[in-house]
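Subject: Structure handover

Dear colleague,

I am passing the structure below on to you, and I have written down what was found in it so that you have something to read alongside. Please look through the sequence and the model before you go on to the notes.

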Amino acid sequence: MDLTFGGMIASLIVVTILFGMMGLIFNQTFTTLEVNQKYLEFFSEVQMISNTLNQVLSQSVWTTKDDMEIAGATNKFKIGYFVPNGSMPTVSNLVLEYDQTSRELKFNGKKVLELSQMISNIKFAVNDTNILMTIETDKIKDKEGKNTTYTVPLLTILTQSS
């Protein structure tokens, strides 16, 4: 077998092209895995927030939409709770809010949950049958460059049982 200078150059070009293609494949794979990891972190935190809030709100008293909404506020709402008052319990309104400066969910002014940097905003919308919580992250952008949002209904326990 003869070894020529032209054959060696051709072999080096083929090997270089193969390594370049393998590098592109690995780069695309790692980029996809990184994006999927961000989605996993975001949706895991959304699930944790939803579970925690449903647990906190499961003992609440469902009232009307007008009684629950706070005018002009998208990051909080009020909901009724039974409060022992002598022999007859009364309903007292407590506020659930997302404090964007401290990145905390607060219920009646007390910290319920501290959120990670993955969550950039939480909004609540009170409907006739449930409360919709929209969670936004600025760490994941869609194809149009907008922040990724996910909407979860809260208080499905109360609305399904009533």
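The notes below begin with the chain as a whole and then turn to its parts.

Please keep in mind throughout that this is a predicted model. The protein chain holds three helices and seven strands, and when it is read along the sequence these elements follow the pattern α-α-β-β-β-β-β-β-β-α. Along the principal axes, the C-alpha atoms of the protein chain fill a box of roughly 105 × 30 × 25 Å. The radius of gyration of the protein chain is 26 Å, whereas a compact globule of 162 residues would have one near 15 Å. Of the 162 residues, 29% count as buried, and the chain exposes about 10800 Å², of which carbon and sulfur atoms supply 58%. Among the contacts in the protein chain with a separation of 6 or more, 40% are accounted for by residues 24 or more positions apart.

Helix α1 covers residues 5-57, which makes 53 residues, and it reaches 78 Å from its first C-alpha to its last, close to the 78 Å expected at 1.5 Å a residue. Within this helix, the buried residues are F42, E45, V46, I49, S50, T52, L53, N54 and L57. Q37 also lies in helix α1, but Q37 counts as partly exposed because its relative accessibility is 47%.

The next point concerns the nonpolar residues. In soluble globular proteins, nonpolar side chains tend to be buried together. Here the largest nonpolar core has 28 residues, and those with the most contacts inside it are I49, L57, F77, L105, I122, F124 and M133. Two or more residues of this core come from each of α1, β1 (76-83), β2 (90-99), β3 (104-107), β5 (121-126), β6 (131-141) and β7 (147-154), and α1 gives the most, with five residues.

S60 is found in the loop between α1 and α2 (65-68), and it counts as buried because its relative accessibility, at 8%, is under the 20% cut-off. The side chain of S60 reaches the backbone oxygen of L57 at 2.6 Å, and L57 is itself one of the buried residues of α1.

T137, in turn, is found in strand β6, and at 0% relative accessibility it therefore counts as buried. A polar atom of the side chain of T137 lies 2.5 Å from the backbone oxygen of M118, while the T137 side chain also reaches the backbone nitrogen of K139 at 3.2 Å. Leaving aside neighbours within four places in sequence, T137 is in contact with F42, M118, S120, N147 and T148; of these, F42 is among the buried residues of helix α1.

With kind regards

Technical notes: Residues numbered from 1 in each chain as written. Predicted model: local features only at pLDDT ≥ 70, side-chain atom pairs only at ≥ 80, totals over all residues. Heavy atoms only, no water. Helix = DSSP H or I, 4+ residues; strand = E, 2+ residues; numbered from the N terminus. Expected span 1.5 Å × (residues − 1). Buried < 20%, exposed > 50% of the residue type's maximum accessible area, 1.4 Å probe, protein only. Core = buried A, V, L, I, M, F, W, Y, C linked by side-chain atoms within 4.5 Å. Polar contact = N/O pair within 3.5 Å; in protein donor to acceptor, adjacent residues only side chain to side chain. Rg over C-alpha atoms; globule rule 2.2 N^0.38 Å. Contact = heavy atoms within 4.5 Å. Areas by Shrake-Rupley, 256 points an atom, 1.4 Å probe, with all protein chains shown as cover.
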